[in-house]
Amino acid sequence: MTTTTTVLITHIGYRDEDPTVTGLRGALFGDHLGTHRAAMDIMLRLGDVAPDGDVTYREETRIGSALLPRLIADLGLPARKIAQDVHLRGAVCDSAAVAATHVLTVLNGHFALTCRALLELGNGSDYVQACLADLDSGRTLGVFAHTELGGTNGGADLQVVAVRDCAAGGYRLYSSSIEAVKAMANLADPDVPAVAVFTACLEEDGEDKGVLAFASRFRSADGVLAEGVEIYTLSPKLGSAMPHALIKLNGLLVPEDGVLCGDWGGFDDAGAFVSEVPVRQRFQHTVGPLIHGRLDLGIAMNRSAGAGAAAAVGFTGQRPHGDSDALQRDLVTAVADTFACGVLGRMVRDTAADPDIQPPLGLWVMVLKPLLTTLAQDALIVCRERLASHGILRCNYLPDAIANVFGGKTAEGDTLALQVAAGRYAKALCLLTLPETPAEKPWWLEMITAREGHLATDLYLATGIGRDEYEPDGDAVGLDSARADMAHTTGIRLAVTAALIAADQATDPHAATVAYSVAAVVALGYLAPRGTWFQRRGLQSDQRAAEIETGLLRHRRILLENLTFLAAAFDVPQLPGAPVFALDYRQAFSEITGWGPDSFVRPR
Ligand SMILES: Cc1cc2nc3c(=O)[nH]c(=O)nc-3n(C[C@H](O)[C@H](O)[C@H](O)COP(=O)(O)OP(=O)(O)OC[C@H]3O[C@@H](n4cnc5c(N)ncnc54)[C@H](O)[C@@H]3O)c2cc1C
């Protein structure tokens, strides 16, 4: 194996062009490294650092919305343009996840959800344009309010209803029970002007017309709340401060032009809603913007894990016990998972941005977001633990990153709910294929593919079978857990494939070696604890079991020799005030405390 000198390459803040780092970065950032760096520079200038202990939770909830107008001004584009640019919007979310953890909490709602809902589903009327104009500067916040306290049960059975009010020229929204109040949307701050898009079941003469979206100019720039609304401020979270609310709708009026039903619905001369789309499927069209929100959130959480991993790699190297393989085993797993998921995220984002490709993006992100957020959470927690006391200090960003990933695993569709929903399309999941997938697969990827195919066949055979009759496969306890296992397996197959494609396409042979070992570590790390499952189905011989163990060890060792390359590839800058994101944490602490070398008193 060739090795390149790592003397000048640093885990954090490395922006030079070592060929191996460049090769690995290419896999993570594609053609958009410049956009990501520009977004990161803007993000750092916002100064969104962890507040000191005197700031209350409520004050902290305001940081994100207060910084949004500056962010948009610095980007030099109106919010609607940012929302439509998949790569720029992604770069903004990714950099915020790393360097501006409060700002991150407002980005999805503003850009991917609210702006996109108005652009994709709005009728372009003066009212819709006025909403967009409010959002363009960021001084009015965009919020998408979908979740209901009583649960959304897949979404098509919402309990908030919208009924026509001819005299008022619009639709009135009602929560008619405690279950029907909107929950969690960040609308509680009385000083933050907001445009809110509510989902609700349209009812005409008592008949269900399906779930549509309704855009409300919810709170004016003067802080005046729309009539027909009551707000209760929900409990604080442990980190990731946001003004979460319960919103009781007592007849909130949305003008006719505020009904967002795209080109798939409209109103006849009598004002009745008409659409070719079957009633139950209207919900899917209405929540289309969630697809981009899930894409952004999943990848942003992955980038956040990349930052945590880079910090942990660099800091561990400065500690007296840093060469312990006990630490290194954890780090290598975190780095490999994060790199493979990062490549996968970049590839799906490229596809989402390509106007010539119309992939089933909804299904892709139902697999992608759970996988990326889950492995990002695992990686961040491991990095936090390996950084020990340093990882628990807010100045070092990890506690806020972890709080954000806890939220990110649930916001815009909880992990398990998305996996169960994706698993309903088991056969289609097997067909999800990344561009440039190699024709020849290593045996470890063949094994994962075999499991995926087996789970899909099992679920396919269960079509039409009642829940009670289904005999679960493997460690599933019923249909839904089998579906969740299916979606996770597809996700792993895609992440491993993404790393293999990165190896194939690497501009540098050493980067190719490293990317290949990343694929192997993720794949073998997935197979190793599932030996019972494979053995029972005759898919794993004793010899294969031995190869899984020896292969995992070999490829982990390759990655351990190359952790600095991988950390540098995440392209994480030195974060202000954060010793673990400095090149020398001792120097950073000296600067923070003002305790330079001459300040210390030694015994005579
Ligand atoms: C930080 C944060 C920000 C948020 N922001 C917003 C926002 O701006 N607007 C908004 O509308 N909402 C927002 N939410 C709410 C979020 O979208 C919901 O919490 C999420 O969709 C889950 O709904 P729930 O909390 O009602 O839990 P439930 O849906 O009751 O889920 C409970 C458990 O059941 C599982 N589950 C749910 N449905 C199924 C199913 N069909 N099959 C199997 N398992 C299932 C879930 O995976 C979960 O483990 C936010 C949440 C968080 C944490």
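1. Contact is taken here to mean heavy atoms within 4.5 Å. On that criterion, 29 residues of domain 1 touch 27 residues of domain 2. The model is a predicted one, and the remarks below should be read accordingly.

2. The chain is divided into three parts: domain 1 (19–34 + 289–569), domain 2 (35–119) and domain 3 (142–283). The C-alpha centres of domain 1 and domain 2 are 26 Å apart.

3. Between domain 1 and domain 2, about 2400 Å² is buried. Carbon and sulfur atoms account for 57% of that area.

4. Polar interactions also cross this interface. There are 18 residue pairs in polar contact between domain 1 and domain 2, counting pairs with both residues at pLDDT 80 or more. Four salt bridges are found across the interface of the two domains. A salt bridge joins the side chains of Glu60 and Arg394, with an N to O distance of 2.5 Å.

5. Which elements give two or more residues to the side of domain 1 that touches domain 2? They are helix 1 (19–29), helix 2 (33–46), helix 9 (289–316), helix 10 (325–353) and helix 13 (398–410). Helix 9 gives the most, with 13 residues.

6. As to composition, the side of domain 1 that touches domain 2 comprises 15 nonpolar, six polar and eight charged residues.

Notes
Residues numbered from 1 in each chain as written. Predicted model: local features only at pLDDT ≥ 70, side-chain atom pairs only at ≥ 80, totals over all residues. Heavy atoms only, no water. Domains from an automatic or database assignment. Buried area = accessible area lost by both parts, 1.4 Å probe. Polar contact = N/O pair within 3.5 Å; in protein donor to acceptor, adjacent residues only side chain to side chain. Helix = DSSP H or I, 4+ residues; strand = E, 2+ residues; numbered from the N terminus. Nonpolar A, V, L, I, M, F, W, Y, C, P; charged D, E, K, R; others polar.
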